[in-house]
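Here's a quick briefing to read alongside the coordinates. Have a look at the fold, then go through the notes by topic.

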Amino acid sequence: MAKCSREQRDRAVDLYVRYERCAADVIRELGYPSRGMLPVWYRERLEEERTGVPSRRGERYRRYTDEQKRAAVDHYLGHGRRLKRTMRALGYPKSHELLTAWIDELAPGRRKLRHGPVPEELKRKAVVAVASGRSESRDAAAGLGVEASVVGKLETADARRIQGDARDEDT
């Protein structure tokens, strides 16, 4: 269902009046609107002429006020930058996409970005460096361009396996 501009609606209604309220002729000529919509536009035009108040059709309804947007962004920034936490605490908005759009609009560059998967080889190098005692997990992660949590989240069994492989390589 495509939205028509004010000018398109006016043109369709003008033709509707000219063609003696024959919706089929207007639709054949313009290609829009539907048979049911044209009489609605016509009635709105008559109401506008009668009252002098323009129709509000086509105006976008804003579900959330600017204050609500600001409150959501402030909560996000002040409470650990977690989308789900903010949505749960405030009860709105209902989608991650909408909240991220607000954050990008009101606080550009402040949103926590999720990075793609880290290649296994980088993970392996970081774990070997930490397991061998050559560096702290933060330093190893920073040196390899990964987050520290990547190094810390590897399971102990994987770390032992990788460390065992490293010992085999050193001998």
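Helices here are DSSP runs of H or I with at least four residues, numbered from the N terminus. With that in hand: this is a predicted model, and its chain has 10 helices and zero strands. Read along the sequence, that gives α-α-α-α-α-α-α-α-α-α.

**Confidence**
- Mean pLDDT for the chain is 80, with 75% of its residues at 70 or more.
- The lowest confidence falls in helix 10 (residues 156–170), where the mean is 57.
- Helix 4 (residues 66–78) sits at the other end, with the highest value, 93.

**Overall numbers**
- Of the 171 residues in the chain, 27% are buried.
- The chain's accessible surface is about 12500 Å², and carbon and sulfur atoms account for 49% of that.
- Take the contacts between residues at least 6 apart in sequence: 43% of them join residues at least 24 apart.

**Helix 5 against helix 6**
- Helix 5 (residues 83–90) packs on helix 6 (residues 96–106) at about 105 degrees, and their axes are 10 Å apart.
- Angles from 65 to 115 degrees count as roughly perpendicular, so helix 5 is roughly perpendicular to helix 6.
- On the helix 5 side, the contact uses Leu 83, Lys 84, Thr 86 and Met 87.
- Helix 6 brings His 96, Leu 99, Thr 100 and Ile 103 to the contact.
- By class, that contact of helix 5 with helix 6 has four nonpolar, three polar and one charged residues.

**Cis peptide bonds**
- Tyr 32 and Pro 33 are joined by a cis peptide bond, with omega near -20 degrees. Pro 33 is in the loop between helix 2 (23–30) and helix 3 (37–51).
- The bond between Tyr 92 and Pro 93 is cis as well, at an omega of about -15 degrees. Pro 93 belongs to the loop between helix 5 and helix 6.

- Glu 20 is in the loop between helix 1 (6–18) and helix 2, and its phi is near 55 degrees, a positive value in a residue other than glycine.
- Exposed means over 50% relative accessible area, so Glu 20 counts as exposed at 72%.
- Arg 21 lies in the loop between helix 1 and helix 2; phi of Arg 21 is near 60 degrees, again positive in a residue other than glycine.
- Arg 21 has a relative accessibility of 53%, so Arg 21 counts as exposed.

Key: Residues numbered from 1 in each chain as written. Predicted model: local features only at pLDDT ≥ 70, side-chain atom pairs only at ≥ 80, totals over all residues. Heavy atoms only, no water. Axes fitted to C-alpha atoms, helices over the stretch in contact; angles between N-to-C directions. Helix = DSSP H or I, 4+ residues; strand = E, 2+ residues; numbered from the N terminus. Parallel < 35°, antiparallel > 145°, perpendicular 65-115°, else oblique. Contact = heavy atoms within 4.5 Å. Nonpolar A, V, L, I, M, F, W, Y, C, P; charged D, E, K, R; others polar. pLDDT = per-residue confidence, 0-100. Buried < 20%, exposed > 50% of the residue type's maximum accessible area, 1.4 Å probe, protein only. Areas by Shrake-Rupley, 256 points an atom, 1.4 Å probe, with all protein chains shown as cover.
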